Amino acid sequence: MFTGIVEALCPVASLKDSQGVRELCVEAPESFSSKIRLGDSVAVNGVCLTKVAGERTSLRFQAVSETLERSNLGHLQEGDTVNLERALKFGDRVGGHLLSGHIWTAIPCIEVECDGDNRFAWFALDEAYARYVLHKGFVALDGVSLTVARVDRESSEKKFGVTLIPETRARTGLGSLRTGILVNLEVDAQVQMIVETVTRILREPGVVPLQNGLSERP
């Protein structure tokens, strides 16, 4: 589990592809890498990966084809930077929201608006996950916990937007966000569970929706 609070923004030192597996070598500060043991989980742009090797300031991970297809890790190039976060230690303060590191898909940024020192970014809202993205709810983008500020389901191009404060832009890869860039999306697991449970119940034979949103069998 993770919290969506990025601990380090680090460059990709090397990439090696072999038989559907990509090995990523990330250069991290020793203050971060020294805390990661072999077999530990680390969120890399929000994707839960396992440390398979590494020396001092280097961390090596492996990503299989499923991960590469669903996330932006398949689009990385040497020199690109990635957000890193260690797995949550029970008893620690949760500054963001609980995340699994299981990415749903990579979505494109479609617009970035400037408002003083803040940036407002719009992202495409696909039907497959639109019902889990709610106004004032949580999402994780490239492993960064963010609050959904706006949701537009009415226009032809459905989208949702988040505000990126200067601190977020300085500490994460979202600081270089621009139109067309793909970011990894993880929706709030609690919202997903509630929506899918209610949807399943309402589809059962004999269930009649009520005006207040509840349901009952006549």
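Two residues are in contact when heavy atoms of theirs lie within 4.5 Å. Among contacts in this chain between residues at least 6 apart in sequence, 66% join residues at least 24 apart.

The structure is a predicted model, in which local features need pLDDT of at least 70 and side-chain atom pairs count only at pLDDT 80 or more, whereas totals for chains, interfaces and linings use all residues. Residues are numbered from 1 along each chain as its sequence is written, and side-chain values use heavy atoms, with hydrogens and water left out.

**The chain as a whole**

The radius of gyration, taken over C-alpha atoms, is compared here with a globule rule of 2.2 Å times the number of residues to the power 0.38. For 218 residues a compact globule would come near 17 Å, and the 19 Å of this chain agrees with that. Along the principal axes, the C-alpha atoms fill a box of roughly 65 × 40 × 40 Å. The accessible surface, computed by the Shrake-Rupley method with a 1.4 Å probe, comes to about 12100 Å², and 49% of it belongs to carbon and sulfur atoms. Residues count as buried under 20% relative accessible area, as exposed over 50%, and as partly exposed in between (1.4 Å probe, protein chains only); buried residues make up 39% of the 218 residues.

**Helices, strands and the sheet**

The chain has five helices and 15 strands, where helices (H or I, at least four residues) and strands (E, at least two) are DSSP runs numbered from the N terminus. Two strands pair if DSSP finds at least two bridges between them. Seven strands form an open sheet in the order 10-9-13-7-8-12-11, with antiparallel pairing. Its edge strands are strand 10 (144-147) and strand 11 (150-152), each of which pairs on one side only. From one strand to the next the twist averages 35°, with axes fitted as lines to C-alpha atoms and angles running from 0 to 180 degrees between N-to-C directions.

**Individual residues**

Ser 33, in helix 1 (residues 30-33), is buried, and its contacts, not counting residues up to four places away in sequence, are Ala 28, Arg 56, Thr 57 and Leu 59. Ala 170 belongs to helix 4 (residues 166-171) and is exposed; Ala 170 and Phe 120 are 50 residues apart in sequence and 15 Å apart in space, C-alpha to C-alpha.

Most residues other than glycine have a negative phi. Phi is positive in Gln 19, near 50°, and in Asn 45, near 55°. Gln 19 sits in the loop between strand 1 (8-18) and strand 2 (21-27), while Asn 45 sits in the loop between strand 3 (41-44) and strand 4 (47-53).

The relative accessible areas of these residues are listed here.

| Residue | Relative accessible area | Class |
|---|---|---|
| Ser 33 | 3% | buried |
| Ala 170 | 61% | exposed |
| Gln 19 | 82% | exposed |
| Asn 45 | 4% | buried |

**Cysteines**

A disulfide is defined as a pair of cysteine sulfur atoms within 2.5 Å, and a search of the whole structure finds zero of them. For Cys 10, the nearest cysteine sulfur is that of Cys 25, 11 Å away. For Cys 109, the nearest cysteine sulfur is that of Cys 114, 11 Å away. Cys 10 is buried, with a relative accessible area of 1%, and Cys 109 is buried with a relative accessible area of 1%.
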